[in-house]
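I opened this model to look up the contact between its two chains. My entries follow.

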Amino acid sequence: MPMIRHCKAYVFPIMDQSTVVIEGIGLSSRSSNRLRQARSHVIRTGSKKKFMTDAHHADSQQLVEWMQRLAGCQDRDAFAGLFAYFAPRIKAYMMRSGSDNAAAEEFAQEAMLMVWHKANSFDASQASVATWVFTIARNKRIDAFRRINRPELDPDDPLLQPAAEPMQDDKVVEDQTARTIAAAMDQLPEEQAVMLRMAFYEDKAHSEIAEETGLPLGTVKSRLRLAMGKLRSLLGDIEL
Amino acid sequence: MTAAHSVAVTPRMAEPVHHLSEDLLLDYAAGTLDEAASLVVASHLTLCSACRSELSRLEAIGGALFATMPPMDLSAGALEAALAALESSDLDGLPASASQKHAADDRKASILPRAVQRYLGGDLDTVAWKRLGMGIETAEITLSNSDEAKAGKRSFLLKVPAGKAVPQHTHDGNELVLILQGSYKDEIGTFAKGDVAISDGSIDHRPVAGEGESCICLVATDAPLRLTGPLGAIINLFVRV
């Protein structure tokens, strides 16, 4: 796990927005090798433009380091890295849930501001950066679409029942789950994967999924259960 | 997601026996669960570390699905706009911690999770109980989503005196009950502090509160319950629980 770097006084440069987008997520090992080379090239040359390009595929260690720099010294460079990686995903998530382009973009920006303001509450031993940002984007969606503040537990509640076994604080939850899950999703029967995407991406309750697919509610629930069971068994060894 | 820092001081109570269903946790993780049910889920999560780790697992799957979404580029200048917004707010004013210290920390611990207190605007002593008869009292919790409220979704606190019974009834919709104090027993089993009872139309029961102290529950429901005992049909006309 990278140590928090010494904070430097840093004047934020205006970034070049004309970045090259690398499409696709399921990288072949050859293309991911190319990315790794590109990344080391960026580190050598310090090129901002390439840095932004690469940020579409930042690895989990890089994300954690950015979060630590953001929490530790409000490092704008780190924020820019996180923004380049997550804002386009939050926008995609909002559009899948029914936002138009302009609204999705606004929500993505607002969610990223929450990332900035809540950076101190990120705990690398509790969740991966992607999972943490997902919960922020999800809560933003609940807030924006349903106009409610999601009821959540208060981590400082005196009633909070402590975990049976103390969490290991020195362990960083890895984003490797992203790749493992992408592979696991490929193994799911399409009928199950579709339900999972509808539930997570499209803001659809089970009853809405049933309505839309014309399947009985029980079938929707059982397919979702099967899908989650399969994913969990594939991820079983990863202590989350 | 939970933070582990501040939990060490809390004495352990018995872990709940009756937990949230996977369906409920999945919907809560995905963010599609209605507000009333979410309040029960958040309250049970406070009292149950097992369901908290289950939720973490589901959220990790959500996070991984999220990370694999094909990104959609923002328009030029989006980052600069976000930074400008930070500039105009208090850039240096990072909150020290997400949570504020409650004045109530030094007092006797409440039975109400803070998730519930936020809705009530205070602790148990601020609750305006309404008598239903037979010693049973309720207090409505005002939800912020009026559409869901119009669709019949409600949340309320229910207090049943020690040893007393709730009349025999069934449910037209779904009902979630979280025990916050005391216990009750019915045809399904015994439910004590932290336990969740999940009921639908297939359950026809007559819960009896345990002896010793009154049983206080947090309830979420999407339809009124229907009394099924001998006098039920008549009482149904007058009482809407």
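**Interface of chain B and chain A**

I counted five salt bridges between chain B and chain A, a salt bridge being a side-chain nitrogen of Lys or Arg within 4 Å of a carboxyl oxygen of Asp or Glu. One that I looked up joins the side chains of D23(B) and R225(A), at 3.1 Å from N to O.

I then checked which elements of chain B give two or more residues to the side that touches chain A: helix 1 (22–30), helix 2 (35–47), helix 3 (49–67), helix 4 (78–88) and helix 5 (114–120). Helices here are DSSP runs (H or I, at least four residues), numbered from the N terminus. Helix 3 of chain B gives the most, with 14 residues. I sorted the residues on this side of chain B into 47 nonpolar, 20 polar and 21 charged; Ala, Val, Leu, Ile, Met, Phe, Trp, Tyr, Cys and Pro count as nonpolar, Asp, Glu, Lys and Arg as charged, and the others, Gly among them, as polar.

For the contact (heavy atoms within 4.5 Å), I noted 88 residues from chain B and 87 residues from chain A.

**Basis and confidence**

This is a predicted model: local features need pLDDT of at least 70 and side-chain atom pairs count only at pLDDT 80 or more, while totals for chains, interfaces and linings use all residues. Residues are numbered from 1 along each chain as its sequence is written, chains are lettered from A and ligands numbered from 1 in the order in which they are written, and side-chain values use heavy atoms, with hydrogens and water left out.

I read an average pLDDT (the predictor's confidence in each residue, from 0 to 100) of 84 for chain B.
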